[in-house]
Amino acid sequence: MTLERADRIVVLSKTLAFGMAYVLAIVSFHRFYLLPRLSSRELSLAMSVAFVQCATITVLLLFSFSRKMARQYRESRASRVSPAIREFLGRHASGADHLQDIRDIRVAYPAEVEQCLVEFLRMVRGEGRERLARLVCDLGLVRQWQRRFHSRNLARRKKAVADLALVPREFAGDILQQAMSDPDESVRLHTARHMVSNLQPGELAQVFALVVNGSLVTRMVLAEDLRPYALELAQQVIPAVLQGGETHSTRAALDVLRAWGKFLPLPQVYPLLRHPDAGVRAAALLVLPLVPRLPELEAEVLHALTDPVEPVRAMAVRIAAKFGVSNAVPELVRSLRDPDAQIAVAAAQALAQLGPVGCRILEREMITGSLLAASAALEALQHLQTAPAQTVAV
Amino acid sequence: MSPSPELVHGLSEAFEWSMIFYVSASNAIYFFLMVLGFFALRSHRARQNAEARAVLLNSPLLPEVSIIMPAYNEALTIAQSVRSMLDLQYPHYDVIVVNDGSKDDTMRILIEEFHLCKSTRRIGTAPTQPIRSVYRSRDPIRLTVVDKENGGKADALNAGLNVARSPLVAAVDSDSLLEEDALLHVVEPFIENPGKVLATGGIVRVVNGCTVERGRVTRIATPGRVLPLFQTIEYLRAFLGGRVAFSFLNSLLLISGAFGVFDREAVLEAGGFATSTVGEDMELVVRMHRICRAKKLPYLIVFVPEPVCWTEVPESWKVLHRQRNRWQRGTVESLMAHDRMLLHPKYGGPGWFALPYFVIFEMLGPAVEMAGYLFTVAGIIFGVVSTKIAVLFFVVSVLFGVLLSMSAVVLEEFTMRRYPSVFDLLRLLAAAVLENFGYRQLLTFWRLEGVWDGLRGKRGWGAMERRGFEQNAQVA
């Protein structure tokens, strides 16, 4: 459980406020109620603590029980009136005018009408959706959601964004744009996800900017949402980020490419193999099989095999095997003898992938190599024997 | 010359007052930790996004995890536990079972159930007891079994670390069941704070009384027997109250051995799990704090309130006695091994708050509480303690205990709400009251015994009698 700084301050403040109120209640009860009735000051204080604690827990328990009961009541009420509401909404969406009927029901069951409308907006497409969106406006729900967005409560803000994303942008106003600048990243992520489900021109680049500037979680979630737009993004937005020179964004963009696992026309990845940041070099190696093969590929992979950073070398070993870089054999043998187990194992697997040439080297290494090289070679050969169809995971 | 009665009376009352002050302070601190935990939990839950989590499960960017399950004489539950581990909702993970020289049929069952054959998998170099063989399954499942000489749980975990290749390793007891999405929950802090989180732990809950079907808890209920019910209260109090707050303060000293995820490199750099203690889980976490604070490295050790690991708790007094003795010894050994951190400015929150709290209230607590009980009874018999003070001691030690336990139940109801029925809630509340009359005092005595054994350097684990999940829980 990791909270951001602002949330931590709020949590600490609430705890302190609770503590002060609690102490005040104990002192008051002791001073003004128990002490005049009990002979012992200490006993009075102890009993005051116990009483206040008992009272607090009783109140919390009662509150908890009543909340549980209220939830059950709401659920049963919703299940009773929802069919009628859905009936009206269905007819309204298909062209009939039931505005007044829905208004009338809403007087008695506002929450149920809102809930059903949101459900319908999620399901209905085309003209029916437009009619329902207008209905939402006519009922004043958009204004209500816009007000809800300004709540300090995170869950309410997220709900408001989710609801507003269901109606056309001209109705929702600029709330979604405001939400993309919300101080809380989880709200921004939530907004971006809803934007993606109903994209407007220009918003794709805005969402991708959140992907490359946000946290890893944001990147991972939005990468999946943006998968259908991969080709569109690969035309201008991603090349601009890859050529932008900003390390964090470049790495994030490479992560997204890896997550998509799609072949994309992005030759801009090649220069990144010589990027000063090792993380970017390793990430660029990982996406190399997903971009067009250029003549300089072998030279770049051979160069990466001599990289001073071990994880980059280990990645290069795997890529050399993936592309069957035959010139890489001497480097792979050197990597097999590397004292770093990760590199040795990767090199053994890469050699096994190269076929008879690599297998002969591995057999020789099993007899003459160091303990680490021999065990890595043995394991790679056994893996090859038992799982011939599997390729080395890159 | 014998002391005057006034002097004896005065000294007795002073002693009794200090006991009262100690118990009140202990309860007050714990209560405020629970309040802090409550607000932290609510803030954490407002941030949760279940839809995004479902998307995360498809991401190739999720880090790989190796689940290490040490097993010693677990023939009764091992097949079901492994099957449940192989069926988690997480895209990239493998399971490593370490058979720590079991004397029963654990190894035979594993070989037969999972069609194991010998493997040439390379093994790391961390020192462990000799490894007899490494096996892998012929089936398309990511299972590795390490068969080794007996060396204790920490040694088995180290053997698992040697075989694991993923950047994250999860240490899971083989008598525990994980919820399907538990692994994703517990890995989330690692992706939220890349490179900063060293370890995360999840909530451990009591499986006794629940319905278990094919290695999954399908219906949650409170245990039918008194002993596991009391332990349910203890688990709620410890996990929802204490650990959430300690995690908030980045001073978490214990990630339960039943379910914790660690950065493999960080564990290896710290020297792996210590085999010299029975509290290897706590010792490792304290050691990680020590190393990072000493090197001034930014780090986080995080408690995650959602993931649920279900564990079978003892149903017999004998086994419970052994378990509590071992836990207390583990605490004493871990605290003594890192006593230099105590009140040392270099060690920040753990040094200034968590360790002193553990030493004063967890390590010395049983001795003080037991002394208080004995002294109060003796004082009343010999007439050196007034009834008023005796009542006061009773109020602070028992009534406050009741209130703390009830607070834990309220906290559960307000935040996690895993027990759906009102009947379960009422049973928990009843247990929160009753456990303070006899059960808690007995545990205090056993913990005191554990402190003594820990100080004497007693070793040994003690056997846990397994009944199997479906015997212990309700058969589906």
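Predicted model: local features only at pLDDT ≥ 70, side-chain atom pairs only at ≥ 80, totals over all residues.

Is C137(A) buried, partly exposed or exposed?

Modeller: C137(A) counts as partly exposed, because its relative accessibility is 25%, which falls between the 20% limit for buried and the 50% limit for exposed. Now look at its sulfur. A disulfide is a covalent bond between the sulfur atoms of two cysteines. Over all chains, the count of disulfides comes to zero. C137(A) is accordingly in no disulfide, and the nearest cysteine sulfur, in C116(A), is 19 Å away.

Turn to chain B for another cysteine. The sulfur of C210(B) has its closest cysteine sulfur in C309(B). The two are 12 Å apart, so they are too far for a bond; the cut-off is 2.5 Å. C210(B) is buried, because its relative accessible area is 0%.

Stay in chain B and find D94(B). This residue lies in strand β2, which covers residues 93-100. D94(B) is buried, because its relative accessible area is 6%. What is D94(B) in contact with, leaving aside neighbours within four places in sequence? The partners are V65(B), S66(B), I67(B), R121(B), R142(B) and S166(B).

Finish on the surface of chain A. I367(A) sits in helix α21, residues 356-368. I367(A) is exposed, because its relative accessible area is 72%. Together with M366(A) and L378(A), I367(A) forms a nonpolar patch on the surface. The accessible area of the three together is about 290 Å².

Definitions and conventions: Residues numbered from 1 in each chain as written. Chains lettered and ligands numbered in written order. Heavy atoms only, no water. Patch = residues over 30% accessible without salt bridge, like charges linked within 9 Å, V, L, I, M, F, W, Y side chains within 5 Å. Areas by Shrake-Rupley, 256 points an atom, 1.4 Å probe, with all protein chains shown as cover. Salt bridge = Lys/Arg side-chain N within 4 Å of Asp/Glu carboxyl O. Helix = DSSP H or I, 4+ residues; strand = E, 2+ residues; numbered from the N terminus. Buried < 20%, exposed > 50% of the residue type's maximum accessible area, 1.4 Å probe, protein only. Contact = heavy atoms within 4.5 Å.
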